[in-house]
Structure formats: structure tokens, C-alpha cells
Amino acid sequence: MRYSLICCWNDPKQLQELLLDSYTHVYDQEEKPTLLLIDNSANKYKSAAEAFNSEYEAHKQELDDILIFLHQDIAFDNASFFDRIAQELSNDKQQIIGAAGMNKNGSVCSNLKYKDTKEYIVRQQIKDKQLVESIDECCFAIPKELFERIKFDEKTCNHWHLYGVDFCYSAKNDGIPSYVIPEPLYHKHNDTGGLITDNHFLHTMWKLVRKHRKQHSTIYAPCYIIDTRLDKAVAKLTRTAIKNLVK
């Protein structure tokens, strides 16, 4: 199975230094996978879900059987990560595969490294494919036919957070699991910056709780675990919001 890379970007310098430099050096002209770049530097789209859904509809005839959604700050030395995805999804299309995710024990599974230092981002590494509850949005693959069925939820994920987590839980309701694979990949230059649980994140998480609480007692996002009982969820989200204010 062939794959397409899809990236929504807003920082041309970061895009060039990481994703595009990797893409140019790793793939020769004959074997380049389709690369769909979505320019959001002028804030055309208000959410990742809207950007990916809209651009998918506009370009789906040119996209291959596997859709790999990745951030502009992803880089790689070779195609081993993507080749493993193609192999896995050729054998079984009923799965989602990512570079990082959280398992039911509350542990983050990932072999991601920082580009500049080559240091692992997560303290404990994985050696084999790992079952997870949800994946991190930095890089993950969905079979095209599965994406056609579910799509990203623009109403629930109406900002830039948790659209991949929500997709995993929607797919899980249909019996489709999510996995992380151990092949190497870089995320960001170093440990500067990164995801914060801002008010947009918390608002989206609350909507995920309300959407999935009847099927799932807990939502495991790569950086946040929350009980879906409404009183417990409100308490945790409130505590996080207060911590943000104190900071």
C-alpha cells in the first residue's frame, strides 16, 4: 500500500528545516510519496479538523490508500517509520498507527527523539508495537477507507487540540484499535516549547468527555488523563485551569 503525507503548517522556517528537508533528502524523485501541504499561515482554517477534512475532500483523488497526518516539526533520517506503517496497514487495515500514544496504564509509549540532541523525548523506550488508548497528533496514520467513514469531528475539536485522540475513541467504538510503533522519528529541534493545556485544550477535553463518557470511563490523551464522570471531569479541568492562572 502507498501512503500520502499531509501537513497543516503555519511556520515556514520550521517546516523547511524539519519536514521538508527530511522529505527532500530521504526520497528520490521516483519514489516520493504524495505530500499535501496545507498553508495556514494566514489562519484560513480555525481548527485542524476543519483544515484536514476540507483539504482531504479537495484532494482525495490524488491521495493514496494510507493517510499520514504529521506536524511541521516532524523530521526523519530514513523512511523506516513510514515503511513500517505501510507494511502494518497492508496486513490489517483496521487499525490506527502513531509515533506516540498513551496506554491504559497511563504510560506514554514513544521512541520519538529531538532532532538536535538525538535524545529520546520519553524516558522509557519501546521495543515492539504497542497497543495504546489514543495517539499523539504529531504523526499518525489512518487507512483512507477508515477516514472516509469517520473523519475528524469539527464540532467537538474546533481548535487545534485532541482531534487525533477523539478519532481514536470514535474508532475504538467500532472495535478499531490504535498502536504505536518503535521505528525512529524526530519531533522538534529540542525540548523548548510544546503542548500546553490551555483553555482551548480544556474546553475541547470537556467536549470529549461529554461525547465519549457513555462508552468510556476514562479518556487517556498523551498528556492528560481524565475520568469521564461529569463531577470528576469538572473537578480536574477546574484544577488545571486554576494552575494555568497561577502560572
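Q: What makes strand E3 and strand E11 count as paired strands?

A: In this predicted model, 5 bridges join E3 to E11 (residues 139-143). Two strands pair if there are at least two bridges between them, so E3 and E11 qualify, and they run antiparallel. One place to look is Phe69, which stands opposite Phe140 in E11.

Q: How do you know that E1 and E3 pair, and in which sense do they run?

A: Here 4 bridges join the two strands. Pairing takes at least two bridges, so E1 and E3 meet the rule, and they run parallel. You can find Leu5 with its bridge partner in E3, Ile68.

Q: Why can a strand run either parallel or antiparallel to its partner?

A: Strands of a sheet pair through backbone hydrogen bonds, and this can happen in either sense.

Q: Why is Trp9 called buried?

A: Trp9 has a relative accessible area of 14%. Buried means under 20%, so Trp9 is buried. This residue is found in strand E1 (residues 3-9). Leaving aside neighbours within four places in sequence, Trp9 is in contact with residues including Leu15, Leu37, Ile38 and Gln72.

Q: How do you know that E8 and E13 pair, and over how many bridges?

A: E8 and strand E13 (residues 185-187) pair in the parallel sense over 2 bridges. The rule asks for at least two, so this pair qualifies. Leu112 stands opposite Leu185 in E13.

Q: What makes E4 and E8 edge strands?

A: The sheet here is open, with 3 strands in the order E4-E13-E8 and mixed pairing. Strand E4 (74-75) and strand E8 (112-113) are its edges, as each pairs on one side only.

Q: Which residues touch the most other members of the largest nonpolar core?

A: This core has 46 residues, and Phe52, Phe69, Ile96, Ile142, Phe152 and Met205 touch the most other members. Helix H5 (residues 163-172) gives the most to this core, with 6 residues. Apart from it lies another core, of 30 residues, among them Leu5, Leu70, Ala79 and Ala100.

Q: What is Ile96 in contact with, leaving aside its neighbours within four places in sequence?

A: Among its contacts are Ile135, Phe140, Ile142, Leu146, Phe167 and Tyr179. Contact means heavy atoms within 4.5 Å, so each of these residues comes within that distance of Ile96.

Notes. Residues numbered from 1 in each chain as written. Predicted model: local features only at pLDDT ≥ 70, side-chain atom pairs only at ≥ 80, totals over all residues. Heavy atoms only, no water. Core = buried A, V, L, I, M, F, W, Y, C linked by side-chain atoms within 4.5 Å. Buried < 20%, exposed > 50% of the residue type's maximum accessible area, 1.4 Å probe, protein only.
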